[in-house]
Amino acid sequence: MSGVAIVDYGINNVRSVKNAVEYCGFDPVVTHDADAIADASHVILPGVGAFGDAMSNIRARGIDEMLERHVREKGKPFLAVCLGMQLLANTSEEHADDGVAHRGLGWFDADVLRLMPNDPALKIPHMGWNMVAKERDHPILANIRESNLAFYFVHSFAMRCKDAGDVVGFAQYGQPVTAIIARDNIAATQFHPEKSQDTGIELMSNFLRWNP
Amino acid sequence: MLKKRLIPKFLLRDGRLVKYVRFFENERAAGNPVTTAKVYNDYGVDELIVLDIVPSAASRGRVVDIIERMSEEIFMPFTVGGGVKTLDDVNMLLRAGADKVSVNSEAVRRPEFLREAARTFGDQCMTVSIDYKKIGPNHASVFIDGGREHVALDPIEWAQRCEDLHCGEVLLGSIDRDGTMSGYDLDLIHKAASVLSVPLIVSGGCGSLQHAIDALEAGASAVAISSMFLFTDHSPIKLRSHLFSRGLDVRASSSSRN
């Protein structure tokens, strides 16, 4: 097993994730090929775009089954980023105009809900640098001082976990915003570590050296 | 809560960094954009804006190359613009490594383009850039095509319209103050910030640490700065620690991050 699989499900901007993995000294491959994912030591599910389209692409390419087998059953270290994290929920109300929520992968007992900050002056999307307060420690946060946990967020929807034990950290934006979740070999961030300068690179580097 | 952002703004002409006063006067060469971006990255700026001010088919290739090189070593958000007219233009810049694409003239000429781009790539990807000039004691008007063409739009009303068209943020620039380092247009910033619900980045006039404080206190989410960083000894590091010590909610400086 070698290399880092960055899951390609037809979205735009995986370049910065790939560059960040290279910058950390690892060898990324952007792929939706079952063998490449089977072969990788670590798997990253990036995410920019709309929930419904992303899930359609993932199902159409059979990526849901590949991830089920290699991540959930075989326990490969897995990091999902931004929309990638939201895809791990049961449902999302993003663009669910007909009132029917989109179904996600359902790896976490959670739903993705529109951000509703309690202060009308707070703008949507939640875009920019925000602090993350830890609920607990996690290996991907190793050696990062708490005062340095500022990360770059861009999103209008956020995950709400039913099991509080899944949450590693929250940001505050007129409401608690689930920022990092983790269970077993799976970790996910709502923010973009690949856009969060030194601290983000440190987090990715921790992930790439993580062997749960 | 969200941190206020410090954003160097790069103007490119044929792939070189340049800077003017009031858009056209006193051209100064300001070096290599990739090298300068790396320095600013070490200084811990929050984001970069890169605008191609004389866009052409040839310069687009250079911009794509520059963004690709920046994104290999610099891990922060990039907003890129200049001559963006089609969904293909947006797509090309996003693929090169841009996180947000800035649209200016084409949004005025064809507002539905902004809506279409936001629907295709997400609201958060689309920044609308608005340049304006004072044309009377209490009256400002939008200028497009790099400040060459006057259009009969009030900058704040236009910004609100862009918000309705689903832009993710507004970059509002005063042509009168550009490069003058005489301070931001605080009245207009205050009015714009009080009516917009998307983040407001302001540009034009920053020449001192206090100017940045004034703009952020007037309601801006972010300050775009060019001349002050390029031509004075006020570095992003110095500005950040000054803002931090004055109690503004910015990221901790890199010196306190070690």
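The exercises below, each with a worked solution, concern helix packing, a sheet and a chain contact in a predicted model.

Residues are numbered from 1 along each chain as its sequence is written, and chains are lettered from A and ligands numbered from 1 in the order in which they are written. Because the model is predicted, local features need pLDDT of at least 70 and side-chain atom pairs count only at pLDDT 80 or more, while totals for chains, interfaces and linings use all residues.

**Exercise 1.** Determine how the axes of H1(B) and H2(B) cross, and which residues make the contact.

Solution. Helices (H or I, at least four residues) and strands (E, at least two) are DSSP runs, numbered from the N terminus. Axes are lines fitted to C-alpha atoms, for helices over the stretch in contact, and angles run from 0 to 180 degrees between N-to-C directions. The axes of H1(B), residues 33-42, and H2(B), residues 57-73, come within 10 Å and cross at roughly 30°. That makes H1(B) roughly parallel to H2(B), a term for angles under 35 degrees. Residues are in contact if their C-beta atoms, placed from the backbone, lie within 7 Å; here Pro33(B), Val34(B), Ala37(B) and Lys38(B) of H1(B) meet Ile66(B), Arg69(B), Met70(B) and Glu73(B) of H2(B). By class, these residues are 5 nonpolar, no polar and 3 charged, where Ala, Val, Leu, Ile, Met, Phe, Trp, Tyr, Cys and Pro count as nonpolar, Asp, Glu, Lys and Arg as charged, and the others, Gly among them, as polar.

**Exercise 2.** Describe the packing of H2(B) against H3(B).

Solution. The two axes lie 8 Å apart, at an angle of about 30°, and H2(B) and H3(B) are therefore roughly parallel to each other. Val64(B), Ile67(B) and Glu68(B) of H2(B) make the contact with Met92(B), Leu93(B) and Ala96(B) of H3(B), a set of 5 nonpolar, no polar and 1 charged residues.

**Exercise 3.** Work out which strands stand at the edges of the open sheet in chain A.

Solution. The sheet has 4 strands in the order S6-S5-S7-S11, with mixed pairing; strands pair if DSSP finds at least two bridges between them. S6 (102-103) and S11 (157-161) of chain A each have a single partner strand, so one side of each is left without a neighbour in the sheet. S5(A), residues 91-92, and S7(A), residues 110-114, run parallel and are joined by 2 bridges, with Ser92(A) opposite Val112(A).

**Exercise 4.** Identify what chain B gives to its contact with chain A.

Solution. In this contact, 28 residues of chain B meet 27 residues of chain A. H2(B) gives the most to the chain B side, with 3 residues.

How values were computed. Angles under 35 degrees count as roughly parallel, over 145 as roughly antiparallel, 65 to 115 as roughly perpendicular and the rest as oblique. Two residues are in contact if their C-beta atoms, placed from the backbone, lie within 7 Å.
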